[in-house]
Amino acid sequence: MENSQVRVLLVNQREEDCISTKKLLEDARDPKFVLEWVSGYEAALETIRRNAHDVYLLDYKLGERSGLDLIREAIYNGCTAPLIMLTEEPDHGIDTEAIKAGAADSLVKEQINSNLLERSICYAIERKRAEERMAYLAQYDSLTGLANRSLFKELLSLALARAERNGKHVALMFLDLDRFKVINDSLGHDGGDQVLKVIAERLRSRMRKSDTVARLGGDEFTVILEDIGTVQDASNVAQELLQIVAQPVMVQDQELFVTPSIGIAIYPQYGKDPETLIKNADMAMYRAKRQGRNAYRFYTTTMESNGKASQHLAMETRLRHALDREEFLLHYQPLIDMKSGRVISLEALLRWCHPERGIILPDEFIPMAEENGMIVPIGEWVLSTACRQNKEWQESGLPLTSVSVNLSARQFRQKLFVGKVASILAESRLDPQFLELELTESLLFESNGASTNRLKELKALGIKISIDDFGTGYSSLSYLKCFPIDTLKIDRSFVGDIPSNEGDSAIASGMIALAHGLHMKVTAEGVETQAQWDFLHERGCDAIQGFLMSPAVAPEEVTSGFQNRWLEPVGTGAEGGSFSWNLSSLAKRWTG
């Protein structure tokens, strides 16, 4: 907020309070505070509705109505700026109610001085900005500015609902760039990113306001065409997209030619729900690739018998028997405490040892397990195996550490889930303090009050709770503070480009500060470089995991790692000093 003005609205009934507050803010030079005052409840609400101020200071006592009422009504009416409650004397009950209602802070007027008030206002504004930035990132792709996978699915559902009401057609296009890996390999990821941004802008420029362009990740894009008259309309758009994508792209003084493969599925003929339409458009896109690329294909029912569908069915059938055939195994990745440099936890990561394909990572089969319901028994196996393994390590004399296990949405929503966890702990004889359960933020915020109750029951058992991939879901701190969370894990997508990327650096710093403000620990995922480690250490991040320290390893390698003073840091020591990691030594350690 350097060299800026902060517009403050004070809402109370006493003019002398306005005068004293103004004096407290007059000494501030940067930012410069501009204070306005209203005394009546209705006048305050009308002013707040205009969203003309950066922050609001609300007195708890406002005649017949209270500041709590004003906070609730202001938020209901779309207030976007932070609200700070002012009380006459300390009252924990009022403070708690204010925070629950949506206040950013609660201050006792007699205890306020110039520094405290300035700090509270600035912190509330910065936290709001960080929330808004994270909310944006939860729905939009940070590279291209297009809708991301999450928002795309939401917009597709809305488009199909409108089409059903109006009796219209919708065309869903899946667009994948041909041989894009060659560009990344030859020009590096920076060059590849430049190409993706150019293609994204070309796609966006062609679409009508009623259409949607999204980036699902990598070089995969989708287009939702609403209110199309005939199949020929979709065909015309696809032909135009082939032409505009194929135009040369200048990157690093090189002229590149990129072509797309496009698959198209039409609603309602070939998919009456989002999942079916997505699956069919994807299948059509693969048909376009197999038939020579730089082309578009419409989905037809004859594609169901093609190779990709058959492979999918065979893999799903094999997955249903994988648990009985003991084909699953767990690898463990250590989390390192940034102050002591010690391993403080091990994240259990699932692997499928396929008899023909070898090790398959969860990204490939977990979505399938979610669809067919196998995720519940698989998840129970993971939880049970990780607890038993940790108890075995403890009994063998290895240092006491937690083991963390990722939960699926289906697992967590089971009515008897807490009882199942308690049974597994009892059977393994693992002390609950050495188990950590990881949930995604989207899972928490899409659920009702049952989520809060379930988390409280788990906490009552002594289990630690963490939010995995923080910043990629809803990222609403207003809700987050209501849950009994111990740790936030910053998603690797915000870590990979720090400290060189100013945006990601600011977001990571904001997440650390916000989590600490909510009395939570912070773990950064995907740490791979010394520069990332140094940046996170300077910002007070509590723990890190990633290839800088160790990849996920088999259980026997965990034992070997501890016995060989696992990844002992080299540097100034554990008492608050910084560490320098010998990367070449680490690489040698984990490559044999």
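Ala, Val, Leu, Ile, Met, Phe, Trp, Tyr, Cys and Pro count here as nonpolar, Asp, Glu, Lys and Arg as charged, and the others, Gly among them, as polar. The model is predicted, with local features needing pLDDT of at least 70 and side-chain atom pairs pLDDT 80 or more, while totals for chains, interfaces and linings use all residues. Numbering starts from 1 along each chain as its sequence is written, and side-chain values use heavy atoms, without hydrogens and water.

Select β9 (212-217) and β14 (295-298), the edge strands, each pairing on one side only; strands are DSSP runs of E of at least two residues, helices runs of H or I of at least four, numbered from the N terminus. Two strands pair if DSSP finds at least two bridges between them. The open sheet has 5 strands in the order β9-β10-β8-β13-β14, with mixed pairing.

Next, select residues 169-177 and 220-228. These are β8 and β10, antiparallel and joined by 8 bridges. D176 stands opposite E220 in β10.

Finally, select E380, L383, Q411, Q414, F417, K420 and I424, which line the largest cavity. A cavity is a set of points on a 1 Å grid over the protein atoms alone where a 1.4 Å probe fits but cannot get out, and lining residues have an atom within 4 Å of a point. By class, the lining has 3 nonpolar, 2 polar and 2 charged residues. Helix α14 gives the most, with 3 residues.

Key:
1 Å grid on protein atoms, 1.4 Å probe; cavity = no way out; pocket = protein on both sides within 12 Å on 5 of 7 lines; lining within 4 Å.
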